[in-house]
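Thank you for making time for this.

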Amino acid sequence: MSNLSHEEVVQELNRLFAEEVEAALRYLHLSYSVRGTDYVVVGPVLKQGLRETLQHAEVLAHKIRALGSVPRLTLDISLPPEASDGKEALQMALTVEEAALEAYQDTLRRVEGDIPLEEFIRSQIVTEAEHVAELKQLLVE
């Protein structure tokens with residue numbers, strides 16, 4: 001079992017939950033900020049990112065409920081009303097995915113010793129690392 005108390009584990013999962021919900025909001029915003037022909041190519045990538053981050057948030061909310069708690073969501077986000085081109089949007093999406101990857105890696109260090117939770121977090125790290133790699137590949141010129 002990890003050195004974290006039950007409440008601290010829930011707190012960590014809530015932090016990840018908020019990270020994923022914020023990422024989903026950023027993807028939603030980005031998907032409508034791309035203009036012109038870039039939207040045809042980049043729009044579907046951003047919409048897929050939105051769906052995946054919402055799925056991650058749902059899985060985290062389920063984990064929090066399974067621990068006997070109710071998910072807590074605290075957000076501090078502001079999204080500017082500015083258009084972006086496809087490359088800018090993909091770069092912003094990469095930043096979002098890298099932040100999520102870092103958050104999961106940080107949580108993994110904190111829950112060390114809780115094997116089921118470690119395995120769950122590791123699977124999320126694999127998924128986030130794949131997203132980062134995919135976005136980096138799209139950004140290669």
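Predicted model: local features only at pLDDT ≥ 70, side-chain atom pairs only at ≥ 80, totals over all residues.

Helix H1, which covers residues 6-33, contributes the most to the nonpolar patch, with three residues, and helices here are DSSP runs of H or I with at least four residues, numbered from the N terminus. The patch itself consists of Leu25, Leu28, Tyr32, Tyr39, Leu73 and Leu75, which together have about 500 Å² of accessible area, by the Shrake-Rupley method with a 1.4 Å probe and only the protein chains shown as cover. Such a patch takes residues with over 30% relative accessible area and no salt bridge, nonpolar side chains being joined within 5 Å.

Residues are numbered from 1 along each chain as its sequence is written, and side-chain values use heavy atoms, without hydrogens and water.

How many salt bridges are found in the whole structure? The search gives eight, counting a side-chain nitrogen of Lys or Arg within 4 Å of a carboxyl oxygen of Asp or Glu. In helix H1, arginine 26 pairs with glutamate 22, their closest N and O atoms lying 3.2 Å apart, and the two are separated by about one helical turn because they are four residues apart. Arginine 26 is partly exposed at 27% relative accessible area, where partly exposed lies between buried, under 20%, and exposed, over 50%.

Finally, Glu12, Arg15, Asp106, Arg109 and Arg110 are linked in a salt-bridge network.

Notes: Patch = residues over 30% accessible without salt bridge, like charges linked within 9 Å, V, L, I, M, F, W, Y side chains within 5 Å. Buried < 20%, exposed > 50% of the residue type's maximum accessible area, 1.4 Å probe, protein only.
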